[in-house]
Amino acid sequence: MKWLVLLGLVALSECIVIMPLTKTKTMREILREKNLLNSFLEEQANRMSDDSASDPKLSTHPLRNALDMAYVGNITIGTPPKEFRVVFDTGSSDLWVPSIKCISPACHTHITFDHHKSSTFRLTRRPFHILYGSGMMNGVLAYDTVRIGKLVSTDQPFGLSLQQFGFDNAPFDGVLGLSYPSLAVPGTIPIFDKLKQQGAISEPIFAFYLSTRKENGSVLMLGGVDHSYHKGKLNWIPVSQTKSWLITVDRISMNGRVIGCEHGCEALVDTGTSLIHGPARPVTNIQKFIHAMPYGSEYMVLCPVISILPPVIFTINGIDYSVPAEAYIQKISNSLCLSTFHGDDTDKWILGDVFLRLYFSVYDRGNNRIGLAPAV
């Protein structure tokens, strides 16, 4: 019997590919430290409005905010393999990295892909454009072999950026989207779907454990779940639509008082943002409730109040998920602390890394559901 258990564990471990992730400073943090955040936001707002008006064919992801991407891992593209540092992002579906022919300053400080050096590369003339909430990339569609750990996707479509804005201080080279095909650039297939198609993964499941440690300890699991990373059982939540990792939130409360989602609302479970985003009005109410004051484009509190602030409770599918003050308030100096709630012009919420560091998350494409459980 012991041998059967051991063989089962070995078989399970062989089915799951576990990728180490590194927590980096976000671009928001880097720009804040340089006192450049407010001017960057103003410049980007002007640029984005101009660019979106001039090119209606852009694939638009207004909720994707590259300023707040924090967890990165390594993949390789091409033959021989060239390594890139990417964000594994559940809020988008495309893979892109900078081309050696990219003319933007941001590309000069990141790893670029030289297609002349790959024997498996295939170029197209199709444009590949993505507009994010805080950045943009213009490029061309290409195909090549992409490796995530021991997983290999051959003839994988991806974008090569020739021009990009808003990524100058990015601690990553590109983005690897893990959402549904409907969010991808038309006519392409996301890498997770391609891996399924090619039989590279045994189960259409992936999972994230985002560690509370400063840099290391976080992982992405592909093809299965290692249950040692969470406590108790997984609570499964159906996705709202089979288009993205959106779920329904019953309500948001503090001290027993409903402060958001009074009649239910949708939330994107998003590994690609570090904050908790929501509609401007309820987020402003939360800032008032925790005595946060506007400080440029952000909200701050005096650090000593953390000890008396109540948790924010997200009730999802009938289960309460508590986010304590020490999680939603981040220290940036000896006296000033940052509220991680961010108001947007949207009717949706985004549960980013502040939430996901507390709760291990599983993304089940086979059953169109998300599993949550307290992280170890």
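**Close-up views of a predicted model**

The torsion about the S-S bond of C303 and C337 is about 105°, so this disulfide (a pair of cysteine sulfur atoms within 2.5 Å) is right-handed. The structure is a predicted model, in which local features need pLDDT of at least 70 and side-chain atom pairs count only at pLDDT 80 or more, while totals for chains, interfaces and linings use all residues. Residues are numbered from 1 along each chain as its sequence is written, and side-chain values use heavy atoms, with hydrogens and water left out.

View 1. The sulfur atoms of C303 and C337 lie 2.1 Å apart. C303 has a relative accessible area of 12% and is therefore buried, and C337, at 0%, counts as buried as well, where buried means under 20% relative accessible area, exposed over 50%, and partly exposed in between (1.4 Å probe, protein chains only).

**View 2. A disulfide joins C102 to C107, and another is formed by C261 and C265.** A disulfide is a covalent bond between the sulfur atoms of two cysteines. The S to S distance is 2.0 Å for C102 and C107, and the sulfur atoms of C261 and C265 are 1.7 Å apart. The link of C102 and C107 is right-handed, with 60° about the S-S bond, and the link of C261 and C265 is right-handed, also with 60°. C102 is buried at 6% and C107 at 3%, while C261 counts as buried at 7% and C265 at 14%. A search of the whole structure finds three disulfides, and when the bonded cysteines are numbered in sequence order, the pairing reads 1-2, 3-4, 5-6.

**View 3. Helix α6 (residues 280-289) has buried residues and, on the other side, exposed ones.** The buried residues are P282, V283, I286 and Q287. Seen down the axis of α6, they fall within an arc of 150° and so line one face of the helix, the arc being that of the directions from the helix axis to the C-beta atoms. On the other side of α6, R281 and K288 are exposed. Just after the helix, H291 takes a positive phi of about 60°.

**View 4. D353, in helix α8 (residues 353-356), is buried yet has no salt bridge.** A salt bridge is a side-chain nitrogen of Lys or Arg within 4 Å of a carboxyl oxygen of Asp or Glu. The nearest side chain of opposite charge to D353 belongs to R357, 4.8 Å away; Lys and Arg count as positive and Asp and Glu as negative, whereas His and the chain ends are not counted. Leaving aside neighbours within four places in sequence, D353 is in contact (heavy atoms within 4.5 Å) with residues including A70, Y71, L210 and D270.

**View 5. Y143 lies in strand β7 (residues 136-148).** Y143 counts as buried because its relative accessibility is 14%. Not counting residues up to four places away in sequence, Y143 touches T120, F121, R122, T124, D155, Q156, P157 and F158. The C-alpha atoms of Y143 and G159 are separated by 8.4 Å, although these residues are 16 apart along the chain.

Definitions and conventions. Helices (H or I, at least four residues) and strands (E, at least two) are DSSP runs, numbered from the N terminus.
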